[in-house]
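Please look through the structure below with me before reading my notes.

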Amino acid sequence: MCAALVFALALLWALGAALSPRPEPPAEPPSPTAVDGRVVAWFGSSSDPFCAPLYDVMEEVCRANGWRLVSYDCKGRTAGQKGQIEDFLRTEKADVAVLYSVMEESELNGQVKALAEACPVVTVGQRAGTIDGRYVTAHIGGEERQRTQTLAKYLVENGRGEKALLMTEVPDEKMERETTDGFSEGNVSILDHNYTWGGQVYAERYMNTALDTFSEVDAVVCISRHGAAGAQAVLTERGLRDRAKIVSLRYDPAMADDLALGVLDAAVAFAPKEAGERLAETLPDLLDGKETEDKTLTPVLLTPENVDETELGYE
């Protein structure tokens with residue numbers, strides 16, 4: 001009887017506890033995105049090694065400040081980025097637009113002007129032209145002249161570069177002129193210039209022809225891996241590799257292997273990490289109505305000796 005009574009009382013207590021209202025847990029504070037109604041539009045390309053890390057930066061900055069982020073990814077397609085900007089202008093509104101362009105300068109100029117009619121514009125990486133640059137509120141990027149000066153100093157300090165060959169990808173008169181003038185200011189003479197057209201075989205063909213004409217060459221300046229590989233193959237075949245430095249005005253993470261293996265002697269990089277830091281500084285000031293200015297990135301000289309220890313922020 002006692003055991004039955006105890007069991008019955010326990011059952012009644014459990015039933016009463018189940019039916020009685022439970023206190024609601026305290027509501028979580030609203031997320032930052034619900035606090036601030038401002039909107040940031042971001043146009044980039046995840047297929048670009050420099051731009052890819054900036055997606056996380058943009059998400060973190062917007063989350064921390066309570067802004068809504070409207071993010072676009074053209075995946076390297078010029079027409080895709082242009083279409084995304086046009087779609088944004090038709091369907092969205094923002095308080096600022098951040099653009100990492102994969103377009104040619106002429107198209108970039110037109111898109112910057114169109115965006116500026118809707119909101120302030122921040123460009124990252126490629127700069128708009130002189131005339132249309134007035135529509136840009138702030139620019140974050142490295143300067144071409146800095147790349148050239150950094151490599152010229154390296155060549156001179158290593159006893160090379162008085163007589164150099166230049167290999168770029170495709171014709172670009174403005175870039176070619178600025179590069180040649182920049183090296184000249186750094187006491188490096190560009191003897192000749194040609195194009196690799198996106199392939200190592202074209203770099204090798206040019207190197208064979210150029211070395212027959214300019215036997216005194218002591219440096220080769222390129223902007224791509226296949227340019228460097230073509231130069232290294234021909235110089236090695238002719239027994240001239242020890243005499244001539246191979247350097248690159250551009251850098252992507254795959255070039256770390258080229259530096260380690262001796263295909264490249266040096267390359268100039270700008271750090272995505274620094275670009276992200278400058279974005280995190282610029283956007284709050286701009287949206288708070290403070291005066292903003294361009295942020296120039298610092299060129300980093302990479303060599304076989306320091307490439308493994310240098311943290312640039314690539315993914």
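How many aromatic pairs does a search of the whole structure find?

1. The search finds eight aromatic pairs, where rings of Phe, Tyr and Trp (its six-membered ring) pair if their centres lie within 6.5 Å, and planes under 30 degrees apart count as stacked, over 60 as edge-to-face and the rest as tilted. One of them joins Phe 43 and Tyr 72, which are stacked with 4.8 Å centre to centre and 10° between the planes. Because Phe 43 lies in strand β1 (residues 39–44) and Tyr 72 in strand β2 (residues 68–73), this pair ties together parts that are 29 residues apart in sequence; strands (E, at least two residues) and helices (H or I, at least four) are DSSP runs, numbered from the N terminus.

2. Phe 43 is buried at 0% relative accessibility, and Tyr 72 is buried at 11%, where buried means under 20% relative accessible area, exposed over 50% and partly exposed in between (1.4 Å probe, protein chains only).

3. Lys 75, in the loop between β2 and α3 (78–91), has a positive phi of about 55° although it is not a glycine, and it is partly exposed at 48%. Asn 187, in the loop between α6 (173–185) and β7 (189–195), has a positive phi near 65° and is exposed at 60%.

4. This is a predicted model, in which local features need pLDDT of at least 70 and side-chain atom pairs count only at pLDDT 80 or more, while totals for chains, interfaces and linings use all residues. Residues are numbered from 1 along each chain as its sequence is written, and side-chain values use heavy atoms, leaving out hydrogens and water. The pLDDT (the predictor's confidence in each residue, from 0 to 100) averages 90 for the protein.
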